[in-house]
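Hello,

Here is the structure I promised to pass on. My notes on helix packing and the sheet follow below it.

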Amino acid sequence: MRADMQADPSAQAEPAPGEQVVHHGANVGSTPQWKLPDEGWGRKSADAATLHEPQNIREYVTMHQHLEVGGGTRLLDVACGAGLAVELATARGATAAGIDASARLVAVARDRSSGADLRVGDMRDLPWADGAFDVVTSFRGIWGTTPEVLAEVRRVLRPGGLLGMTVWGHVKASPGAWALRPFLWADASRVAHQAAMNSLGKPGVGEQLLAGHGFEAVRRVDVPFVWEFADPESYARAMACTGPGYEAIQTLGEQRFLDDAAQLAAQHAREGLPLRAEINLVGFIARNPATPGAGSSFLAEPVELSAGASAAYADDEAELGYVMNATRLWAHDIEAMESLFTTLGRVTRTAGLSVRDRGILVTAATSTLGDSYCSLAWGAKLAAAASDQVSAGVLTGDDSLLDDRERALARWARRVAADPNATTAPDVQPLREVGFDEAQILAITAYVALRIAFSTVNDALGAVPDRQLRTSTPQAVLEAVTFGRAPAPAAGPDSP
């Protein structure tokens, strides 16, 4: 069930999808209020699953990509409807669960994904344990009228876990705003309720709500969204099986709704092409903060430090003013870390890499890996050597501010980090074209591989990014690092 709504409460001339109007709180008759949306969304569940929900596939794929859903991800989809998003997450390797108020849509979801944990229930009372999920998604299911759901989302997310949710953006300005007009045919009170629901897409509103509920690193992303239909009749049926379509049907009658919707769509028909309605959609990525008092990694620090580890602690204190959590982890074998960095120094000199070059290589590789620790630490270094915008760009895959030489470095680092067995001879050629010789290319590749090794050990053993990175890292870099473990919480007034 996708709870959709009017995008601009001051502009009723252009409609947007809306959920069935449910005034939360009291029951209606003997029916709990949270079950009421099933009247509209569940009454034609097969149509909703096959005519309406597949239109959202661009939305699902885009958000799963932003959230880096993959093998081992424990994912919950809130307001999962007929379960297509759950099915797609499972196809990416996730262990998926979902909840929806419509028993009839959940029946379809279970038919599609028999191995998923799919439940009928109230999203204000999620039936899972604290910290059960790495990722929670909600595709137009959480709105301005349901902010209390965010407390439950945070509860079931692990510390450092991610929320990805979508809401309507500036619908009135969308080329496909015409396709939402049938939802304005409902009773005026129901249309007015939609306006109250759909405030989160406005600039700053969604960000403020998420931050107010304790989320951090809130980031707004553009999400492609298009409805396409074979003919006007298919469009009309797809609109009729939605919650807001049902509300309009209650006002007009079903046959008139179908006839009027088909007539509206016929005005936008194109010879040999499907009906197409492109609509503005906004996504938010936000992180559940780490638990206060969490350790520096999965390993306890050595009870007694070796001379080498004591020296490394002292070096950190002298350079940074604190001991890095990575140093605490490697204190169990500080000589191994020193050997790794000695080799890194050697290949750095062979390749002729500047601090800016190394910043580009590290941030491109570690962001591809999903390692937040080195992405933050080296993101700050790259920001100092170049600019905040350059650093944030490389972290998010935007190399537009780099020169040709730097772009070649960034792209090669990402290829090596993503899948070294998938590289080809032509992938190496851009490095030659910008002036690197064969020995330098080997050294650059070794540098990236060694940085990946360092990140892999840190990540596998739960090294928590230092809390000091919250204040020492530029805001643009912090906002770009939405993956991996969150930095340790900021120190309280009594913290050392």
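In helix α15, Arg358, Leu361, Val362, Ala365, Thr366 and Leu369 meet Ile444, Tyr447, Val448, Arg451, Ile452 and Ser455 of α20. Contact here means heavy atoms within 4.5 Å. By class, the residues of this contact are 8 nonpolar, 2 polar and 2 charged. Ala, Val, Leu, Ile, Met, Phe, Trp, Tyr, Cys and Pro count as nonpolar, Asp, Glu, Lys and Arg as charged, and the others, Gly among them, as polar.

This is a predicted model: local features need pLDDT of at least 70, side-chain atom pairs count only at pLDDT 80 or more, and totals for chains, interfaces and linings use all residues. Numbering starts from 1 along each chain as its sequence is written, and side-chain values use heavy atoms, with hydrogens and water left out.

Now the geometry of that pair. The axes of α15 (residues 355–369) and α20 (residues 438–460) come within 10 Å and cross at roughly 50°. Axes are lines fitted to C-alpha atoms, for helices over the stretch in contact; angles run from 0 to 180 degrees between N-to-C directions. Helices (H or I, at least four residues) and strands (E, at least two) are DSSP runs, numbered from the N terminus. The two helices are therefore oblique to each other (under 35 degrees is roughly parallel, over 145 roughly antiparallel, 65 to 115 roughly perpendicular, the rest oblique).

A second pair is α2 (residues 45–52) and α5 (residues 103–112). Their axes come within 8 Å and cross at roughly 55°. That makes α2 oblique to α5. Ser45, Ala48 and Ala49 in α2 meet Arg104, Leu105, Val108 and Arg112 in α5. This contact has 4 nonpolar, 1 polar and 2 charged residues.

Next, the sheet. It is open, has 7 strands in the order β3-β2-β1-β4-β5-β9-β6, and its pairing is mixed. Strands pair if DSSP finds at least two bridges between them. β3 (117–120) and β6 (216–223) stand at the edges with a single partner strand each, so one side of each has no neighbour in the sheet. Neighbouring strands are turned by 15° against each other on average, direction ignored.

β2 (residues 95–100) and β3 run parallel, joined by 4 bridges. Ala97 has Asp117 of β3 as its bridge partner. Helix α5 lies across β2 and β3, at about 170° to β3.

β4 (residues 133–139) pairs with β5 in the parallel sense over 6 bridges. In β5 (residues 157–168), 10 of 12 residues are buried (under 20% relative accessible area; exposed is over 50%, partly exposed in between; 1.4 Å probe, protein chains only).

Best wishes
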